[in-house]
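Here are my notes on the model, point by point. Have it open while you read.

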Amino acid sequence: MATKAAQAPTQIMGADDLGPVRLPVDQETHQFDDWTIGYTKSHILKSVCVKGDTCVAGDPDCCELCVYNFALAVPHLPDMVFHRNALRISHSSGAQLEFNPLDALKLVRNEKLDLKVACSDEWRESRPEAAQTADKVKPFDWTFTTDYSGTVNEHFRVEPTEQRIDMFKLMRKEEILFYHNLTLFEDELHDHGISLLSVKVRVMPSGFYILLRFFLRVDNVLLRSNDTRFHYEKGNDYVLKEFTHREAKVEQLKHIPPALFTNPDHIVDKLPVVRKVNEKLTIIKVE
């Protein structure tokens, strides 16, 4: 049975009247046999330190923005980071699978990216200061591409497998007992596309299914996706996991209507597969 509760905001005010440090969080859980499936959801991360840039790394009272800045090696964050958004799948044995934006952003490369937006030359000409700024800012992957595939604890044994997720079985009509879709972060690449990480969960009488998707569109240049699927079938002591990386330059997709480029659900399956990894997450039973 699903339970839902909204936590009232704790009004701890930051410096310069920038509002409460802690924002209200929505949460919901669903019990499925020995699994507890739940999420938390809240507003986007503030763009300024609520303590007037006085936070110290490791301090338990550090504001949420500075926690991210201290933990990550990138010079700036995506436009929208939903820092409180998280999906957790917990088994009674202690095994847990979690999806959160901080762990995902830790996998963004902090190195120069050899990729220009289609109008980058015009953009630089209209902003003479851009060249000077580029020399001062630490190079990093400004598309925020991540191959994050979830955070697994030590109560799962992860190993390669020849087993595959049965997508035809998942397409059968079944009652939906629980469903939610969470955005973890999003960036519009200075109006030149989109970088988006989201996670969906669906619980049916036969089991549950999760899709973690990173989707990137650099207008007139590139389309990329990193999809990680998880499927648990009732009665098993394991979860199947499938990671798929797809990518194509726009010039390779001339046979596809450009209108489809803006909808990940319509375009992802039309992109060529670059890499695929299949794994089995087995619950480690405590003796």
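1. Asp-103 and Lys-106 pair through their side chains in a salt bridge, 3.9 Å from N to O. The cut-off here is a side-chain nitrogen of Lys or Arg within 4 Å of a carboxyl oxygen of Asp or Glu. Lys-106 is partly exposed, with a relative accessible area of 46%; on this scale buried is under 20%, exposed is over 50% and partly exposed is in between, using a 1.4 Å probe and protein chains only.

2. Before going on, some ground rules: this is a predicted model, where local features need pLDDT of at least 70, side-chain atom pairs count only at pLDDT 80 or more, and totals for chains, interfaces and linings use all residues. Residues are numbered from 1 along each chain as its sequence is written, and side-chain values use heavy atoms, with hydrogens and water left out.

3. The salt-bridge count comes to 15. One of them joins Lys-200 to Asp-265, again with the closest N and O atoms 3.9 Å apart. Lys-200 sits in strand E10 (residues 193-204) and Asp-265 in helix H6 (residues 264-267), so this pair ties together parts 65 residues apart in sequence. (Helices, H or I with at least four residues, and strands, E with at least two, are DSSP runs numbered from the N terminus.) Lys-200 is partly exposed at 23% relative accessible area, and Asp-265 is partly exposed at 48%. Both belong to a network of salt bridges that also links Arg-213, Asp-227 and Arg-229.

4. Asp-219 and Arg-217 form a salt bridge with their closest N and O atoms 2.8 Å apart. Asp-219 is partly exposed at 27% relative accessibility, whereas Arg-217 is buried at 15%.

5. Which buried residue has no salt bridge, with Arg-217 as its nearest side chain of opposite charge? That is Glu-186, and the distance to Arg-217 is 8.6 Å; for charge, Lys and Arg count as positive, Asp and Glu as negative, and His and the chain ends are not counted. Glu-186 lies in strand E9 (residues 178-187). Skipping residues up to four places away in sequence, Glu-186 touches Pro-78, Asp-79, Met-80, Ile-194, Ser-195 and Leu-196, a contact being heavy atoms within 4.5 Å.

6. On to the cysteines. Cys-49 is buried at 6% relative accessibility, and Cys-62 is buried with a relative accessible area of 6%.

7. Val-50 is in the loop between strand E3 (35-41) and helix H1 (64-71), and is buried at 4% relative accessibility. From Val-50 to Cys-62 is 12 residues in sequence and 9.4 Å in space, C-alpha to C-alpha.

8. Overall, the protein has six helices and 14 strands, and 46% of its 287 residues count as buried.
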